[in-house]
Amino acid sequence: MRTRTKPTLATSSISLRELLERAPADLAPGEVFEVMRHFGRLAYWWLSDDFLEYAFRLGYERRNAPELPIEHGGCWIVLVQSQRRFAALRDSFLLPLCWCRGEAHSVGLPDPLRQLAEDVLRVTGVTQRWGLQLSRAAGLAGMDIRMLDMPVSFDSGWVSLAAGLLLAMNDEQPDPKVWATGAWKRGIAPVDHLDAKIRLAERYGVKYFFVPSEQMDHVAARHTVQVRGLQMGVADVRQALEWYLVELGLPPPVPTPGDEQAFARCVAYYLRRPRPDPHTTQFYRSHLVPCIVERLRAQVQHDYAGWSPTHLVTIVSDNPEVSSITAQALAVEQCLLLYDRKMPQGKERLAYLRQSLDAAGVRWHVAEFVNDEQMQAHIQPAVTRFVQDVVPNRVAFDMTPGTKFMTLSLAELAPPGTWKVYIWHELTSGRPYPGSERLHRWCAH
Amino acid sequence: MFALNGTLNMSYAERSGLEQIYRDELVEALQQEELQGLQEGASTPEAEEAAFRLAVALGKCQLFGIHTEHDGILPAAVAVAAAKGMVQELTDALEEATTLEERWEAALDSEPREAEELVFDLLEQRMDLWAAWIALSEAEDDARASGAMPPESAEVPTAPRFSGSEHTADLTAWIDRIMELTDELDRILQQPENITLLATAAETELLRNWRALLAEPYCDLLPWWLDGTLEEVAQAALGAGSHRRAPVPEAAPGPSGPGAIGTPSASLILPGWTAALAAAAPIGSAPVTLKWTAPDGRWCAYLILPESRPAELVVRFYDASGYEARALVGEKVFLSDVPGVIAEDACAIFSTDAIEQAGGHPRLCVGAAQEEWHRE
């Protein structure tokens, strides 16, 4: 007959759950070691401050809660212990994960989490093999957390897993300061414990926390984190996560000239961003304009070999980038900026143009005008002064920016032998498709 | 010669010499007689091994961007056999990974160079498994895309007992099993005691050479043993003041002399300690806790290996309830054969330098009789 032995640390049959249920103050020192031994690197993510303080006193290195790493395929689930049964755990904590292309789900993950990952793959329609693993960048690779046997639900992590996967497939990295919680039941479904999750987000300095839209009213006003809605009632996962994905994706690096793949990634990122939006505009200027200029330069050299205008007349418009692009693509030496002083945000736009032309080594002149029916008369003296003494073949008039009336007025002032130029582009969702630009020219008569 | 389905869309690599080696390996793999049995619908362990070898050869051509006239995709029947062969290979690799440290120790006692070979063999095996996986994944994708593999296909003239869809389902099931085993293998290989041994390969050109050979897209999707992890672990081992590698016989003084840079040190740092220390260091977000238990189960001991190398190692002794083991105060204790005494606070302190100089496993013996405690 076998006898039942009392569970002890030494025989390792003591339940980890049992230890976690007890308040840290009620644990013997050896029991703290036992818990730390099992949690390993996850201890700093999951264990309560009281417990960690106890562990620090026993010799463990004192550290703050670790930061989420920036990682390709990265995603993270905000977990909450529903009944606060485990005194040694935080009320809410993060599980850092990552999707790995061509790999299996980690066998060290609990079955419900692996099933959730499978569901994400099924709903997103991803046919390539992607495996969910514990975050490698967080130093959790290879851990087996099944033994922790955590009584938490992973369902609310569905949107985080899905967004992480979709970004990874797009070769984008997630922003650790953008979090979400949401289940999926043929669409975004509500979740529990929002307050606890958002409190944790505040602790991590999160910018945006996306929650199912119908739950926004319950939490939005009470927290410093900006709470945003995940669109409910939409069966298409990409549409449901659209705005979350927009914020979650970190900008790709600035492409080096000639790196078409990197440029395409930037274009995709740009087109997903909302407009108007200062961040979107800044991204366009920093990541796309240099490549567009390079491409146009090559096109001009190919299509109009031997032509090298030195002077450009252009209008400061709502899209000042186009004037800068034209000036740089033509590599002119001087540029006349025609500026409507009453134009909304005109000063900022003019300032951008000046800076970008300065950076490109282009000398600029500004001529103000009043945007009325007499504008042609207003700008004529400045234009005349600017082009006088310049060989006509070396002067270009930019027909791309400004209203049609402005363009026609300017065209009328182009002396014979000068060139009228236009940056043609495809449009997508009301904005030029970066990379589609082609410069055309017509000789003024 | 056995033939493959379709033509792979591979880039041409300008790698003379090595390129021919992998081409030859593919040709040899295709010429294996055992494969003929598969065309007749008979799968034997020998045929499965041969099919696996073919998958490896084919996958390596893909990995390294080598194009040959024998390129193609494994027919479904061959892919299923190769998958079975791969499962066997994975099972063997798991056994080898699990016993790596033990075999390393044994090799050090007899023939030190063999210890290095153990690591290289295991890494080679992992590369083979990666290559085979690529070939099998493509076969699975192809089978899925085509819906079913026609049994009267010219490449597989007779596969009468299986319809294509059955092959496909079979293949998918085997691939699922492969993924599970591969994940388990990688988990074991990345355990502290193993990854530090594998990291010794970072001192050679092996990893760099593999990386240099990889073609797109594989060079952008490096697996863990090629993504710098092993180099980091090796670097951390160096930073921890110890260097873990198989000792080699001292070289006869030559033009560069025995102490020249690049000459392997003849001093011996045994694994175990370095493994734990190095594993804690490179990733570096938390400590490693080692635990030993007394044979009678009455006592246990813990040791924290922090992120950075400590000057001293403190072993703390507790009773079965987790309280300080006062009854053991004054007992002699040996950590990796370095002697110490359990002090009033039920701790024994050891110099990290002394432990490293002693080398060996994190072995704990307690009492005058030096009774060895079990490490968990």
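**A pair across the chains**

Author: To begin, A:Arg129 and B:Glu140 are both buried. Please keep in mind that this is a predicted model.

Reader: What do the side chains of A:Arg129 and B:Glu140 form?
Author: They meet in a salt bridge, with 3.0 Å from N to O. The pair crosses between chains: A:Arg129 is in the loop between helix H5 (111–124) and strand E3 (130–134) of chain A, and B:Glu140 is in helix H6 of chain B.

Reader: How many salt bridges are there over all chains?
Author: The count comes to 34. One of them joins A:Arg85 and A:Glu21, at 2.6 Å from N to O. A:Arg85 lies in the loop between strands E1 (74–80) and E2 (92–101) of chain A and A:Glu21 in helix H1 (residues 16–21), so this pair ties together parts that are 64 residues apart in sequence.

Reader: Are A:Arg85 and A:Glu21 buried or partly exposed?
Author: A:Arg85 is partly exposed at 40% relative accessibility, and A:Glu21 is partly exposed at 31%.

Reader: Which residue forms a salt bridge with B:Arg177?
Author: That is B:Glu180, the closest N and O atoms being 3.3 Å apart. Both residues lie in helix H7 (residues 164–189) of chain B, three residues apart, or about one turn of the helix. An α-helix has 3.6 residues a turn, so residues three or four places apart point the same way.

Reader: Which residues are linked in a network of salt bridges?
Author: The network links A:Arg228, A:Glu247, A:Arg273 and A:Asp277.

Reader: Let us change topic. What does the secondary structure of chain A come to?
Author: Chain A has 16 helices and 16 strands. Of its 445 residues, 56% are buried.

Reader: Why is helix H13 of chain A described as largely enclosed?
Author: Eleven of the eleven residues of H13 (residues 320–330) are buried, so the helix is largely enclosed by the rest of the structure.

Reader: Which elements do the buried residues of H13(A) pack against?
Author: They pack against helices H12 (278–303) and H14 (346–359), and against strands E9 (311–315), E12 (395–398), E13 and E16 (438–443) of chain A.

Reader: Where does A:Thr314 lie?
Author: A:Thr314 is in strand E9 of chain A, and it is buried at 0% relative accessibility. Its side chain makes a polar contact of 2.9 Å with the side chain of A:Asp398. Leaving aside neighbours within four places in sequence, the residues in contact with A:Thr314 include A:Ser323, A:Cys335 and A:Pro401.

Reader: What about the surface: which residues make the nonpolar patch of about 320 Å²?
Author: A:Tyr422, A:Trp424 and A:Trp442 make that patch. A:Trp424 is found in strand E13 (residues 419–424) and is partly exposed at 38% relative accessibility.

Reader: Finally, where is B:Leu118 found, and which residues is it in contact with?
Author: B:Leu118 is in helix H6 (residues 112–146) of chain B. Neighbours within four places in sequence aside, B:Leu118 is in contact with B:Leu100, B:Arg103, B:Trp104 and B:Ala107. B:Leu118 is buried, with a relative accessible area of 16%.

Key: Residues are numbered from 1 along each chain as its sequence is written. Chains are lettered from A and ligands numbered from 1 in the order in which they are written. This is a predicted model: local features need pLDDT of at least 70, side-chain atom pairs count only at pLDDT 80 or more; totals for chains, interfaces and linings use all residues. Side-chain values use heavy atoms; hydrogens and water are left out. Patches are made of residues with over 30% relative accessible area and no salt bridge: like charges are joined within 9 Å, nonpolar side chains (Val, Leu, Ile, Met, Phe, Trp, Tyr) within 5 Å. Accessible areas come from the Shrake-Rupley method with a 1.4 Å probe; for residues, only the protein chains shown count as cover. A salt bridge is a side-chain nitrogen of Lys or Arg within 4 Å of a carboxyl oxygen of Asp or Glu. Helices (H or I, at least four residues) and strands (E, at least two) are DSSP runs, numbered from the N terminus. Buried means under 20% relative accessible area, exposed over 50%, partly exposed in between (1.4 Å probe, protein chains only). Contact means heavy atoms within 4.5 Å. A polar contact is a pair of N or O atoms within 3.5 Å; within protein, one must be able to donate a hydrogen and the other to accept it, and residues adjacent in sequence count only if both atoms are side-chain atoms.
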